[in-house]
Amino acid sequence: MEMETPCSTLSWEVLILVAHHLDPKTLAIASCVSKSWLHSMSSDLLWKPIVTTHFPSLSTLPTTVSYCRLFALGQSSTTRRRQTPPKPTLSLDDLIFTVSITSKRDSRVVSTVSRPVEALVVDPPGVFRFVVSFESGVVVKNNGFEEVVKVTWNVVVKGWRGVFTLMDYEGKVGFVAGREEWFSQELPAPGCCSKMVASSVVADMKVGMCGCRESDDGGGEVRVGKVSVGIMSVVDWRAMAMVRPFQFIGDINQKKDFWKLAVRVKDKWAIVKDQKEHLEVVIVDAKM
């Protein structure tokens, strides 16, 4: 028979009042006391300011995941960053890019978008640079002035198995049709000495503006049209090359001109024509 204690019968209002004075670790421990405490201690009212303080870049993610879960993801990502990275086990198809642009003047989200990497355009082919198109966003008057914004680029592992921030940077953007602004931020080096050793690799973002419609005063209005994100080496300021997995004959389509295929030779023979000899082969997918 389960016995109720005075602590377990506290109202949720009292629990929330006390919880506002607890640190994240104590909140997590308190949520294990009972089901009612778990519900109270996991409230977004408690965890949203904590996430905003410790991981501000994650607080802009457009998601239905609780802020308690976001804090746990950010904390585990910080812990992994201090460790020597293992061999990669993820492919680009496992990732989702989330880009948001927020005004520093009034904390207004100017534009935000989430796209799976497999749906993005690689530009140019073979390098780690992707084009993210914005189909909607806040319309801003084309006044030619520059405004300070915060640009954030988060990478989410599908299924919310992990999340990490590649860019969380403040800079100026000119809201003028056709104008482009560049942002770059050095990525931390892997391992325990990430704050003392330069990585020589930066996250790079290009924000492009497009015109929307003419305003009554003739000045026009603009919004963010597309964003290009990538990883660059500071040695030669070129985008990092990608090692693409082998594909198969059955994967060939008209979406691209260059393919890296894994095949095997099923048959071969020599042909002599006009006193010239050449070799003909029959190839099949390596997985057959």
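Colleague: How many helices and strands does the secondary structure of the protein chain come to?

Modeller: Five helices and 13 strands. Keep in mind that this is a predicted model.

Colleague: What share of the residues in the protein chain is buried?

Modeller: Of the 288 residues, 34% are buried. The accessible surface of the chain is about 18300 Å². Carbon and sulfur atoms hold 57% of that surface.

Colleague: What share of the contacts joins residues 24 or more positions apart?

Modeller: Take the contacts with a separation of 6 or more. Residues 24 or more positions apart account for 54% of them.

Colleague: Now the aromatic rings. What describes a pair of them?

Modeller: Two values: the distance of the centres and the angle of the planes. In this structure the count comes to seven aromatic pairs. Phe97 and Phe128 form a tilted one, with 6.4 Å from centre to centre and 55 degrees between the planes.

Colleague: Which parts does the pair of Phe97 and Phe128 tie together?

Modeller: Phe97 lies in strand S1, residues 95-103. Phe128 sits in the loop between strand S3 (121-122) and strand S4 (129-133), so the pair links parts 31 residues apart in sequence.

Colleague: Is Phe128 buried or exposed?

Modeller: Buried means under 20% relative accessible area. Phe128 has 17%, so it is buried. Phe97 also counts as buried, because its relative accessibility is 1%.

Colleague: Which aromatic pair do Phe128 and Phe130 form?

Modeller: An edge-to-face pair. The centres of Phe128 and Phe130 are 5.1 Å apart, and the planes stand at 90 degrees. Phe130 has 1% relative accessibility, so it counts as buried.

Colleague: Which residues form one aromatic cluster with Phe128?

Modeller: Phe97, Phe130 and Trp153.

Colleague: Let us turn to the surface. Which residues form the nonpolar patch?

Modeller: Val263, Val265, Leu279, Val281 and Ile283. Together they have about 410 Å² of accessible area. Two elements give two or more residues each: strand S12 (263-273) and strand S13 (276-285).

Colleague: Which element gives the most to the nonpolar patch?

Modeller: S13, with three residues. Val281 lies in that strand.

Colleague: Why does Val281 count as partly exposed?

Modeller: Partly exposed is the class between buried, under 20%, and exposed, over 50%. Val281 has 43% relative accessibility, so it counts as partly exposed. A patch residue needs over 30% relative accessible area.

Conventions
Residues numbered from 1 in each chain as written. Predicted model: local features only at pLDDT ≥ 70, side-chain atom pairs only at ≥ 80, totals over all residues. Heavy atoms only, no water. Patch = residues over 30% accessible without salt bridge, like charges linked within 9 Å, V, L, I, M, F, W, Y side chains within 5 Å. Areas by Shrake-Rupley, 256 points an atom, 1.4 Å probe, with all protein chains shown as cover. Salt bridge = Lys/Arg side-chain N within 4 Å of Asp/Glu carboxyl O. Helix = DSSP H or I, 4+ residues; strand = E, 2+ residues; numbered from the N terminus. Buried < 20%, exposed > 50% of the residue type's maximum accessible area, 1.4 Å probe, protein only. Phe/Tyr/Trp six-rings, centres within 6.5 Å; stacked < 30°, edge-to-face > 60°. Contact = heavy atoms within 4.5 Å.
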